[in-house]
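Here is a short briefing to read alongside the model. Please have the viewer open as you go.

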Amino acid sequence: MRIGIMVGGVAGDVERQVQQVADIEADGFDAAWFGQVFDTDVMTVIALAGQRTSRIELGTAVVPVYTRHPHVMAQQALTTQAATGGRFTLGVGLSHHMVVENMWGLSYEKPARYMREYLSVLLPLIAEGKVAFQGQVFRVNANLNVRVPKQPSVMVAALAPQMLKLAGSRADGTLTWMTGVKAVDTHVRPSITAAAQEAGRPAPRIGVGLPVAVTDDAAAARETVSRLFAIYGQLPNYRRMLDKEGAAGPADVAIVGSEREVERHVRDLASAGATDFFAAMFPVGSDPQASLARTRELLKSLVGRV
């Protein structure tokens, strides 16, 4: 299982985000992943980070599709791929009803159909540089001319059955968040793998992102998770995964505990079918930097061993 780090804690600061990526590579990790929320444009940051790194995968987990036309998304993804020398992975997702409708003022009607048509435009543009598609949402006849070493991998955030089928049959895999071992093993892996097999595609990547802290005070860590990540227990998509896990909230799926306990949990994810793990590290206790350093050291020790 490939182990990566979520870039975070420096919202809005481009230079510090780029430096984080350089440090992640220097520490030997397999990948650096970025969420696209309400601060920097992460593909721009990744393009800059590509100039400061040479080895690691650089990916989005994930960019919402509603704010970027698929032609623009493909154009930016290919440009980012060129800037990183072929190390970019584009993760895309639907976001959530409250964000799309309440914040952006757009329609969230029939999201699975929207993503299906979105991929029908995006994927040919990335693979072939051209598309001719007529659907109910998108009607696109266009081309692109961006030279890349190879086409970037495309992964789709998917949790519900329709989305997992779509990710398995059309994309290179899925990226999950707040989804624990049980849900990965009994729901995500079998659903997306079956869809890929039926479509004659290679085995899909399954990326799993979770909050992580190595600590001697697991109770305090879970209290921190409950405070920092409370919203994810309320969003319907994540709530369904927490219910499958039998979890009351994000604190119950976070990876916290001693070095041995955290390592065991990460290995359990690999056994459940995760091919990629991206750690959202968070501090516990009175010395945040020491806490983060302890977690990072443990994760570094697992690279290439899980």
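What volume does the second largest pocket have? The second largest pocket comes to about 160 Å³, where a volume is the space filled by probe spheres set on grid points joined across faces, edges and corners. This is a predicted model, in which local features need pLDDT of at least 70, side-chain atom pairs count only at pLDDT 80 or more, and totals for chains, interfaces and linings use all residues. Residues are numbered from 1 along each chain as its sequence is written, and side-chain values use heavy atoms, leaving out hydrogens and water.

**The pocket**
- A pocket here is an open set of points on a 1 Å grid over the protein atoms alone, where a 1.4 Å probe fits, with protein on both sides within 12 Å along at least five of seven lines; lining residues have an atom within 4 Å of a point.
- Among the lining residues are Arg222, Glu245, Arg264, His265 and Asp268.
- The lining divides into four nonpolar, two polar and six charged residues, with Asp, Glu, Lys and Arg counted as charged, Ala, Val, Leu, Ile, Met, Phe, Trp, Tyr, Cys and Pro as nonpolar, and the others, Gly among them, as polar.
- Helix α10 gives the most to this lining, four residues; helices are DSSP runs (H or I, at least four residues), numbered from the N terminus.

- Ser271 and Met1 are 270 residues apart in sequence, yet 9.4 Å apart in space, C-alpha to C-alpha.
- Ser291, in helix α11 (residues 288-302), counts as buried because its relative accessibility is 7%.

Definitions and conventions:
Helices (H or I, at least four residues) and strands (E, at least two) are DSSP runs, numbered from the N terminus. Buried means under 20% relative accessible area, exposed over 50%, partly exposed in between (1.4 Å probe, protein chains only).
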